[in-house]
Amino acid sequence: MTSGRLPRPVYLDMDPGHDDALALLAALRAVTVRGVTTVAGNQRGELTFLNARRVLRVAGRTEVAVRRGYDQPLLRRLVTAEQVHGASGLDGYHFQPEPEPSPDDGMGAMEWLDHRLAAEPDPVDWVATGPLTNVAAFLLGHPHRKRQLKQITFMGGSLGAGNVTPYAEFNTYVDPEATALVLSSGLPVAMVGLDVTLKALLAHGDIDRFLRLPGEVGAMLFGLFRFFGGHEPSANAGGMPVHDVLAVAAVAHPEFFRWQDVPLRVECRDPERRGAMTRVEGFPVTRVAVEVDVKAFFDWLWRTLEG
Ligand code: BDR
Ligand code: CA
């Protein structure tokens, strides 16, 4: 908790993933995490589901509910980022003991979210840091719950070049149809894409700082990011991106960013430009993070983790 105020309630949708794991840890301390749904992306669905629970076990927060969402994009075959996140999706740390199996209440992730949102007294934030499959499917299947959502903030996309192809960022590449559906949902949507995440790089030397964090969290983050630094394609001498953490920061501290309203079209037809985003007048307007105060972001991140 960062202040005397009750931090804002947030649902997370993620595909852990190294940067998702760090985003989850930051969120646990910066906002009120009401629950987590997982999606296939960085790895297969069974692994991202396991990884979210592994991180919560290490953080001592197993009371946070996790539900497994979609194992495949809406219309396409899954593409993973195994080359970046490893065979487990979270290579670099040996998780032991494994988390307890989740209690089975017979509810799938969509039904569970429906119930949870129905019980929310006020509209909540939804932060998505994987392909937008779950978010799109939920909005399609439960349009009456839109009124319970204040804003959807997602890590994904790019106004410029991509990272998985010259045109597209990974999350929008994996499920472009889901991205297009979310952007046209009519809800306020904030996009935290490569335009800012490639500006806020974690210095390789700062990985040692994770070791100062108490308990197993420090050892876990150290191991994970030592691995990630060697595999994330955008990592360079200047450091490595921590993409998903910026989406959490954008909810906790939108003032760290400069925002622009941009009418965005997502490429769903041309196979070469799949997932690319272009500014096209008349398309739904998305609030896009175009600049970030890098120092304010990292000061916040360390304060949040160390506090
Ligand atoms: C995004 O792709 C994934 O590999 C990361 O977790 C992040 O969400 C960056 O393009
Ligand atoms: Ca992710």
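How closely do the axes of α1 and helix α2 come, and at what angle do they cross? In this predicted model, the two axes come within 10 Å and cross at roughly 45°, where axes are lines fitted to C-alpha atoms, for helices over the stretch in contact, and angles run from 0 to 180 degrees between N-to-C directions. Helix α2 covers residues 45-59; helices (H or I, at least four residues) and strands (E, at least two) are DSSP runs, numbered from the N terminus. α1 and α2 are therefore oblique to each other, given that angles under 35 degrees count as roughly parallel, over 145 as roughly antiparallel, 65 to 115 as roughly perpendicular and the rest as oblique. α1 passes α2 in a right-handed crossing; a crossing is right-handed if the near helix is turned clockwise from the far one by less than a right angle, and left-handed if anticlockwise.

Residues are numbered from 1 along each chain as its sequence is written, while chains are lettered from A and ligands numbered from 1 in the order in which they are written. Local features need pLDDT of at least 70 and side-chain atom pairs count only at pLDDT 80 or more, whereas totals for chains, interfaces and linings use all residues; side-chain values use heavy atoms, with hydrogens and water left out.

A second pairing joins α1 to α11. Their axes lie 6 Å apart, at an angle of about 25°, and the two helices are therefore roughly parallel to each other. The crossing of α1 past α11 is right-handed.

Among the residues around ligand 1 are Asp19, Asp20, Phe170, Asn171, His243 and Asp244, a residue being near if one of its heavy atoms lies within 4 Å. Polar contacts are pairs of N or O atoms within 3.5 Å. An oxygen atom of the ligand lies 2.6 Å from a side-chain N or O atom of aspartate 19, and an oxygen atom is 3.0 Å from one in the side chain of asparagine 171. The protein buries 97% of the 280 Å² that ligand 1 exposes when taken alone, accessible areas being from the Shrake-Rupley method with a 1.4 Å probe.

The peptide bond from proline 16 to glycine 17 is cis, with omega near -15°. Glycine 17 belongs to the loop between β1 (9-14) and α1.

Terms used. Polar contact = N/O pair within 3.5 Å; in protein donor to acceptor, adjacent residues only side chain to side chain.
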